[in-house]
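The sequence and structure are shown first.

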Number of protein chains: 4
Amino acid sequence: MNKKAVLKDVQAEPDSRNLYIDKVGVKDIKYPIIVLDKVNKTQHTTASINMYVDLPHSFKGTHMSRFIEILNEYRGEITVNNFSEILKRMLYRFEATTAHLEVEFPYFIEKMAPVSEAKGLMEYMCKYSGTLGEGNKKDLVLQVIVPVSTLCPCSKEISERGAHNQRGLIKVAFRFKDFVWIEDIITKVEGSASSPVYSLLKRVDEKHLTEQAYDKPMFVEDIVRETALNLMSMSEITWFRIEAENLESIHNHSAYAFLERTL
Amino acid sequence: MNKKAVLKDVQAEPDSRNLYIDKVGVKDIKYPIIVLDKVNKTQHTTASINMYVDLPHSFKGTHMSRFIEILNEYRGEITVNNFSEILKRMLYRFEATTAHLEVEFPYFIEKMAPVSEAKGLMEYMCKYSGTLGEGNKKDLVLQVIVPVSTLCPCSKEISERGAHNQRGLIKVAFRFKDFVWIEDIITKVEGSASSPVYSLLKRVDEKHLTEQAYDKPMFVEDIVRETALNLMSMSEITWFRIEAENLESIHNHSAYAFLERTL
Amino acid sequence: MNKKAVLKDVQAEPDSRNLYIDKVGVKDIKYPIIVLDKVNKTQHTTASINMYVDLPHSFKGTHMSRFIEILNEYRGEITVNNFSEILKRMLYRFEATTAHLEVEFPYFIEKMAPVSEAKGLMEYMCKYSGTLGEGNKKDLVLQVIVPVSTLCPCSKEISERGAHNQRGLIKVAFRFKDFVWIEDIITKVEGSASSPVYSLLKRVDEKHLTEQAYDKPMFVEDIVRETALNLMSMSEITWFRIEAENLESIHNHSAYAFLERTL
Amino acid sequence: MNKKAVLKDVQAEPDSRNLYIDKVGVKDIKYPIIVLDKVNKTQHTTASINMYVDLPHSFKGTHMSRFIEILNEYRGEITVNNFSEILKRMLYRFEATTAHLEVEFPYFIEKMAPVSEAKGLMEYMCKYSGTLGEGNKKDLVLQVIVPVSTLCPCSKEISERGAHNQRGLIKVAFRFKDFVWIEDIITKVEGSASSPVYSLLKRVDEKHLTEQAYDKPMFVEDIVRETALNLMSMSEITWFRIEAENLESIHNHSAYAFLERTL
């Protein structure tokens, strides 16, 4: 008889090293997903997904294929609404104590140019990171990266003409007690910079944005403070972490600021 | 009167440097697109897009916003079928002599595990690169990156037991005279390695693939040759370029081979 | 008189938003550095550097150029030994309460092949992250990424012949109470995998490593546990965080495990 | 007797598929190198190296370890001067017809700020790509990426105040008949933008650069043309390819231009 006729379950064997593992799972799964969209109800996009559970000290390994099976069950939709359900399903399938799910994806929003009202699609990189732990304790963090334009107050003040400006990236992560649309966070963040950026601009828009940025100079320090004030005005938010990075136009490195608060 | 009341068209001004520019345009536009799918007719995915035209020596600049406007006109669909039409539209809008369009996107295919027949989605990075030039001369190149498993023939031959193997990436670019499904190219390429890779595998599948790879050891040199033979058997293909890269499991660098042929 | 004759110090102006900023500074500075080398005393390499300080709520901005000036003062050497001194210099120049310095660089070690003893250079990505805070409280974390080879215990057990294996990356971050050579950490980590990887191997070495890996199959779970046990045997270490990632040869995603401990 | 006592040379076996392979070798070797430096004679840096040879249709494989051995022989120095010698050594060791060597590395230059004359190090990514083929035919291409600042002529013209500007990247590849210092190419390229960028700037420098850029607005089209004119003035250069990419501060995509000429 073939010794391999019954395939041994090596992962299920006991482990004697007495070491609990915090997270074990699959990383960088690429998957097409559907997410909630404030205007169009749903949106098709593509995601990079990480799924982890913890592993008691007494087991040798995890059955990695179950992560993909769970993903297949929810193929239709991964949203803020069913995130907890997916995490619960992970706990159940793995008989685990904690489950972690991270989903990163480009999210597209149609934005109107400020004067011509020409429409263009803007991409914002989003990330949902959820943990479900002991006693059904849930923790969900949303993150969005918002590209903006920033104009240097010092350069404007000391120069006879012009002022250096550049593309900046504002990365905002937040926890919330009531549902918040990513669209609303983006609006708050874009209002915290010298000017927003767009994919489609006509000459009248370019003039408008150039002058708007010149009239609202902001250091990277100002950006994290303004973003903080704007997020503090949203009662749904309980915690945030703001990172601003300016791709300096006079340097080949970035200016950076970081501000984190529990509300 | 405001000197800016009529916004001057700086790009349209003449240029005296007498230098024709080969390509000018927009790069790294992120855009949700719909592409043709052999099984499901169409597929939603997200792309990174480059659009360029040439610029005669007599003009100072290009009107970049027109690229985004053209993209908006075709938002619904970017496929092999309407690629030439989009390029023609670019020539027309810019009064240009040559137009270039590059669209890179993840493409998802449902693949059945070899024994359990469990279904999982695999991502393949694809790229369409098209040029439309003088005399309506069209050139379209398709590219796909296929991850595979490769097992070293030397390691197998000289070792008492086992053989080192690793993930490999086969990048195939090709020109064609008749329509070819990306799915069919991928099948040919996966058949040119030690074994294919999958997103979802059960134990019976893992056993099957381990033995299949062990029974079909291949150097990176073998992989480009087998892929070449398999592509040469497709009458639709007129040119190809094959790059194989092994993420060596015994080194921290890659083994690489490159083979290009006009048929 | 030119209104700009005396250049106003905009950054030094007061700020009324009452928001303390955790970190502000420069990011992704590229710089050639000299680090300590166990065998050759010192080693030239190139780094990517981040430097941040905190900013009291009462000030509008930071003087970013001072970060580069400090870097210039220490150009000759950035090592574990003078890290605290650089952080102190940052506190002093910025009149700040906390200072952060992150230095990431490739570190090269000459490694002998296991049988032929042929010598080759291996690159290991290292990162020093230091913080100096209130009450002169210092926190220094060292990190190194060690590429290894891993062979799947399940695949070996269930297959008639062969076993899938792949390149793995073990990322170890640690705190310590006594000086530890990066070289010694790397030795411990490489001993925690199925086999080490090398840049130069002859056939006798390839045979040796193939068999060594086949004789020591390890899941990603085994790797973090073995690495943990090996680091726990070093009395200098007070805390560690281990991440293992396998670039699976039968999948296009990674298997991942994470284990963190305070000793 | 052990069947493996004499290790079979699988690579040296004949191949019957009758397919010549254009390039086979190793990719992404990380290596510390020493290059020529106009001011300091030599400079230590770190490189990513690719080495390929062709493979006649009659052989099954290449002996990859020889590439690393050759690299070890020249460890001390990889420069424009000994590039041909390394390529010749590759042809000889592999009995090949063509050899390819690609070396990519950050190169550091001390640059003085324009007014304060404060000194800072700037990093420029360089790449040497060489081929030695039949009849001792040599082809060497040098490439450097120069970060600069660019200010939009349209934005300046149409706006009441200010003008959007951003970091740009100018990638120049060139062939030459007489030796050219990378430093001299960089000087020409930096003179072709609205203003250079620096790592260390004091307030007087920031004022100077802001005004300089405002006084010299340039489209991405202007940049490739100016760079072309500047390179055409160097009699050593026989061919060039210029790519300019602006990290637009009003968009989240890049403006791009490409100009290639044989002189």
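The text below treats two interfaces in turn and then individual residues.

**Interface of chain C and chain A**

The model is a predicted one. The size of an interface is often expressed as the accessible area lost when the parts come together. Between chain C and chain A, about 4700 Å² is buried, and carbon and sulfur atoms account for 56% of it. Contact involves 57 residues of chain C and 57 residues of chain A. Across this interface there are 34 residue pairs in polar contact, both members at pLDDT 80 or more. On the side of chain C that touches chain A, two or more residues come from each of strand E1 (21-37), strand E2 (41-55), helix H3 (153-158), helix H6 (220-232) and strand E9 (254-262) of chain C. That side consists of 28 nonpolar, 10 polar and 19 charged residues.

The two chains also pair through their strands: strand E9 (residues 254-262) of chain A is joined to E1(C) by 5 bridges, and the two run antiparallel. Within this pairing, Ala257(A) has Val24(C) as its bridge partner in E1(C). Chain C and chain A share 12 salt bridges. One of them links the side chains of Lys27(A) and Glu245(C), at 3.2 Å from N to O.

**Interface of chain A and chain B**

Here 30 residues from chain A meet 30 residues from chain B. The buried area is about 2600 Å², with 60% from carbon and sulfur atoms. On the chain A side, Leu7(A), Leu121(A) and Arg203(A) lose the most area to chain B, and together they make up 22% of what that side buries.

The interface of chain A and chain B holds 4 salt bridges, and 11 residue pairs are in polar contact, both at pLDDT 80 or more. The side of chain A that touches chain B draws at least two residues from each of strand E1 (21-37), strand E2 (41-55), helix H1 (65-73), strand E3 (99-112), strand E4 (119-132) and helix H5 (203-215) of chain A. Its residues divide into 10 nonpolar, 8 polar and 12 charged.

| Side chains | N to O separation |
|---|---|
| Lys27(A) and Glu245(C) | 3.2 Å |
| Lys202(A) and Glu69(B) | 2.9 Å |

**Individual residues**

Ile250(B) is placed in the loop between strand E8 (237-246) and strand E9 (254-262) of chain B. Its relative accessibility is 5%, so Ile250(B) counts as buried. Beyond residues up to four places away in sequence, Ile250(B) touches His164(B) and, in chain C, Val197(C), Tyr198(C), Leu201(C) and Glu206(C). The C-alpha atom of Ile250(B) is 8.8 Å from that of Asn165(B), although the two residues are 85 residues apart along the chain.

Gln11(D) belongs to the segment before E1 of chain D. Gln11(D) counts as buried because its relative accessibility is 11%, below the 20% limit. Neighbours within four places in sequence aside, Gln11(D) is in contact with Cys154(B) and Phe219(B), as well as with Lys60(D), Gly61(D), Thr62(D) and His63(D).

Most residues other than glycine have a negative phi. Glu95(B) has a positive phi, near 50°. Glu95(B) sits in the loop between helix H2 (83-94) and strand E3 (99-112) of chain B, and is exposed, with a relative accessible area of 74%. Asp28(D) also has a positive phi, near 65°. Asp28(D) is located in strand E1 (residues 21-37) of chain D, and is partly exposed at a relative accessible area of 27%.

Key. Residues are numbered from 1 along each chain as its sequence is written. Chains are lettered from A and ligands numbered from 1 in the order in which they are written. This is a predicted model: local features need pLDDT of at least 70, side-chain atom pairs count only at pLDDT 80 or more; totals for chains, interfaces and linings use all residues. Side-chain values use heavy atoms; hydrogens and water are left out. Helices (H or I, at least four residues) and strands (E, at least two) are DSSP runs, numbered from the N terminus. Buried means under 20% relative accessible area, exposed over 50%, partly exposed in between (1.4 Å probe, protein chains only). Contact means heavy atoms within 4.5 Å. Buried area is the accessible area (1.4 Å probe) that two parts lose on being put together, summed over both. A polar contact is a pair of N or O atoms within 3.5 Å; within protein, one must be able to donate a hydrogen and the other to accept it, and residues adjacent in sequence count only if both atoms are side-chain atoms. Ala, Val, Leu, Ile, Met, Phe, Trp, Tyr, Cys and Pro count as nonpolar, Asp, Glu, Lys and Arg as charged, and the others, Gly among them, as polar. Two strands pair if DSSP finds at least two bridges between them.
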